[in-house]
Amino acid sequence: MDAVAFRKTQRDDLPAILEIERLSFPSPWNLHTFISVLYDKDSYNLTVWCDGEIRGYCFTLVMRKMVHLLNLAVHPDCRRRGIARSLLEEIISFARSSNKSYVFLEVRKSNRIAQSLYASMGFSHAFTWRRYYTDTGEDAYIMVKKIERIGE
Ligand SMILES: CC(C)(COP(=O)(O)OP(=O)(O)OC[C@H]1O[C@@H](n2cnc3c(N)ncnc32)[C@H](O)[C@@H]1OP(=O)(O)O)[C@@H](O)C(=O)NCCC(=O)NCCS
C-alpha cells in the first residue's frame with residue numbers, strides 16, 4: 001500500500017464515498033445528506049486517498065468550542081491498517097490548531113469496533129442517548145475527547 005494521503009473532501013469525491021458508505025452502514029447517508037454537510041460553511045471534511053483511490057472519509061461540523069464527528073468510514077478492503085486512526089489524528093490535530101476544547105461523536109451501542117477505535121484514541125463514553133437511531137431504535141453512546149493544549 002502506498003502512502004496514505006488526506007485531502008479536503010471535494011464534490012467529485014462523493015460517488016466513491018457513497019460506495020464506501022453503502023458498504024459500511026446498514027442505514028447509509030444519501031447523496032443529499034453528504035452534499036448538505038459538504039457545503040455547510042462550518043464543516044471540515046477529509047478524504048483518504050491510497051494508491052490513487054478513495055479509501056475512506058470523515059465528515060465533521062465545527063462548533064464554537066467543539067468538533068462534532070458526524071461520519072467516518074474506511075473501505076472494507078483497507079481496514080485494520082491504521083487508516084481510521086490516522087484520520088482521527090488529523091481531526092484531533094485540526095481541533096487543537098483551531099483552539100477547540102473537545103471532539104465528540106455518537107456511536108451505536110452495538111458498534112464495538114468503532115468504540116474500541118475511539119477508546120484507543122482517548123475518547124470516553126460520556127453518556128447514552130436512549131433510542132437515538134430511528135432505523136432500529138438503538139441507543140447511541142456519546143463519546144468525547146478533551147483536546148489538550150501542547151504544554152498543558
Ligand atoms: C471503524 C472503522 C472506521 C475502523 O477503520 P480502520 O481503518 O479499520 O481502523 P484502524 O486500522 O485505524 O484501527 C484502529 C484501532 O481500532 C480498533 N479496531 C479497528 N478494527 C477493529 C476490529 N475489526 N476489531 C477490533 N478492534 C478494531 C483497534 O483498537 C485498532 O487498533 P489496533 O489495530 O492497533 O488494534 C472501520 O471498521 C469502518 O469503516 N467500519 C464501518 C463504519 C463505522 O462503523 N464507522 C464508525 C461509525 S461511528
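Colleague: Which residue in S2 does Phe6 stand opposite?
Modeller: This is a predicted model, in which local features need pLDDT of at least 70, side-chain atom pairs count only at pLDDT 80 or more, and totals for chains, interfaces and linings use all residues. Residues are numbered from 1 along each chain as its sequence is written. S1 and S2 (residues 43-50) pair in the antiparallel sense over four bridges, where strands are DSSP runs (E, at least two residues) numbered from the N terminus and pairing requires at least two DSSP bridges. In S2, Phe6 stands opposite Val48.

Colleague: What angle does the direction of helix H2 make with that of S2?
Modeller: Helix H2 covers residues 31-38 and packs on the sheet, touching S2, S3 (53-62) and S4 (66-74); helices are DSSP runs too (H or I, at least four residues), and a contact has C-beta atoms, placed from the backbone, within 7 Å. Axes are lines fitted to C-alpha atoms, for helices over the stretch in contact, and angles run from 0 to 180 degrees between N-to-C directions. With the direction of S2, that of H2 makes about 115°.

Colleague: Which strands does helix H4 touch?
Modeller: H4 (residues 112-120) also packs on the sheet, and its direction makes about 160° with that of S5. The strands touched by H4 are S5 (102-108) and S7 (140-146).

Colleague: In what order do the strands form the sheet, and which are the edge strands?
Modeller: Seven strands form an open sheet with mixed pairing, in the order S1-S2-S3-S4-S5-S7-S6. From one strand to the next, the twist averages 30°. Pairing on one side only marks the edge strands, S1 (5-8) and S6 (124-129).

Colleague: Which residue takes a positive phi in the hairpin of S2 and S3?
Modeller: S2 and S3 pair in the antiparallel sense over eight bridges. Two residues lie between the strands of this hairpin. The positive phi, near 50°, is taken by Asp51.

Colleague: Is Trp49 buried, partly exposed or exposed?
Modeller: Trp49 lies in strand S2 and stands opposite Ile54 in S3. Leaving out residues up to four places away in sequence, Trp49 touches Ala5, Arg7, Ile54 and Arg55; the C-alpha atoms of Trp49 and Arg7, 42 residues apart along the chain, are separated by 7.6 Å. A residue is buried with 20 or more other C-beta atoms within 10 Å of its own, exposed with 12 or fewer and partly exposed in between, C-beta atoms being placed from the backbone. Because Trp49 has 18 C-beta neighbours inside 10 Å, Trp49 counts as partly exposed.

Colleague: Is Asn99 buried or exposed?
Modeller: Asn99 is found in the loop between H3 and S5, and has a positive phi of about 65° although it is not a glycine. Because Asn99 has 9 C-beta neighbours inside 10 Å, Asn99 counts as exposed.

Colleague: In which loop is Arg131 found?
Modeller: Arg131 is not a glycine, yet has a positive phi of about 50°. Arg131 is exposed, with 11 other C-beta atoms within 10 Å. The loop holding Arg131 is that between S6 and S7.

Colleague: What radius of gyration does the protein chain have?
Modeller: The protein chain comes to four helices and seven strands, and 24% of its 152 residues count as buried. The radius of gyration is taken over C-alpha atoms, and the globule rule is 2.2 Å times the number of residues to the power 0.38. For 152 residues a compact globule would have a value near 15 Å, and the protein chain agrees, with 15 Å.

Terms used:
Contact = placed C-beta atoms within 7 Å.
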